[in-house]
Amino acid sequence: MSYSRYLDIVTSWAEDKGYLVLFESDGDDSIDCDSKIISIKSTNRIETQLYVLLHECGHALIRENGSTFHFKNIEENYSKTSKISKVFVLMEEVEAWKRGYRLASRLGVRIDDEKWNRAVSRAIWKYAEWTSS
């Protein structure tokens, strides 16, 4: 199966959960769980778009199913610039990648583990650097 088909499968999953998935050249690879909008940068390679969409769906799953880390409590009680808030954001990012990977498996979406691991490493490294600023 092609990455394009896999992207359709994951997009359909998100839409079934009530999310609007937008593929735009100025997309910012993000999710707004309140407005249920997922924005994907369409100028990235299709495989990258797939992996980012799976990650954003991981965030949707965290919001839907909750998390053992209680991110919402941290968001409500601490400044976004506080050390604890930044660490919990980093933890949520890792959790979203993990849930996205498991979602791919459930949906029958094949992942190239080496490329996936590089994408995860790049994304998490940026957050790790941000936590120390």
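**Aromatic pairs, one buried leucine and a sheet**

Me: Does Tyr127 count as buried, partly exposed or exposed, and at what relative accessibility?

Reply: Buried means under 20% relative accessible area, exposed over 50%, and partly exposed in between (1.4 Å probe, protein chains only). The model is predicted, so local features need pLDDT of at least 70 and side-chain atom pairs count only at pLDDT 80 or more, while totals for chains, interfaces and linings use all residues. Residues are numbered from 1 along each chain as its sequence is written, and side-chain values use heavy atoms, with hydrogens and water left out. Tyr127 counts as partly exposed, because its relative accessibility is 30%.

Me: How many aromatic pairs are there?

Reply: Rings of Phe, Tyr and Trp (its six-membered ring) pair if their centres lie within 6.5 Å; planes under 30 degrees apart are stacked, over 60 edge-to-face, and the rest tilted. By this rule the count is five.

Me: Which residue forms a tilted pair with Tyr101?

Reply: The two ring centres are 5.5 Å apart, with 55° between the planes. The pair links distant parts of the chain, 15 residues apart: Tyr101 is in helix α4 and its partner in helix α5 (residues 113-131). Helices are DSSP runs (H or I, at least four residues), as are strands (E, at least two), numbered from the N terminus.

Me: Why is the pair of Tyr127 and Trp130 edge-to-face?

Reply: Both residues lie in helix α5, three residues apart, about one turn of the helix. Trp130 is partly exposed, at 31%. The ring centres are 6.1 Å apart, and the pair is edge-to-face because the planes stand at 85°.

Me: Which helix holds Leu103?

Reply: Leu103 is buried, because its relative accessibility is 0%. Setting aside neighbours within four places in sequence, Leu103 is in contact (heavy atoms within 4.5 Å) with Trp13, Leu54, Cys57 and Leu61. Its C-alpha atom is separated by 11 Å from that of Ala14, 89 residues apart along the chain. Residues 83-107, Leu103 included, make up helix α4.

Me: Which residue of β3 is the bridge partner of Leu20?

Reply: Strands pair if DSSP finds at least two bridges between them. Three strands form an open sheet of mixed pairing in the order β1-β3-β2, with β1 (20-24) and β2 (30-32) as the edge strands. Five bridges join β1 to β3 (residues 37-41), and these two strands run parallel. The partner of Leu20 in β3 is Ile37.
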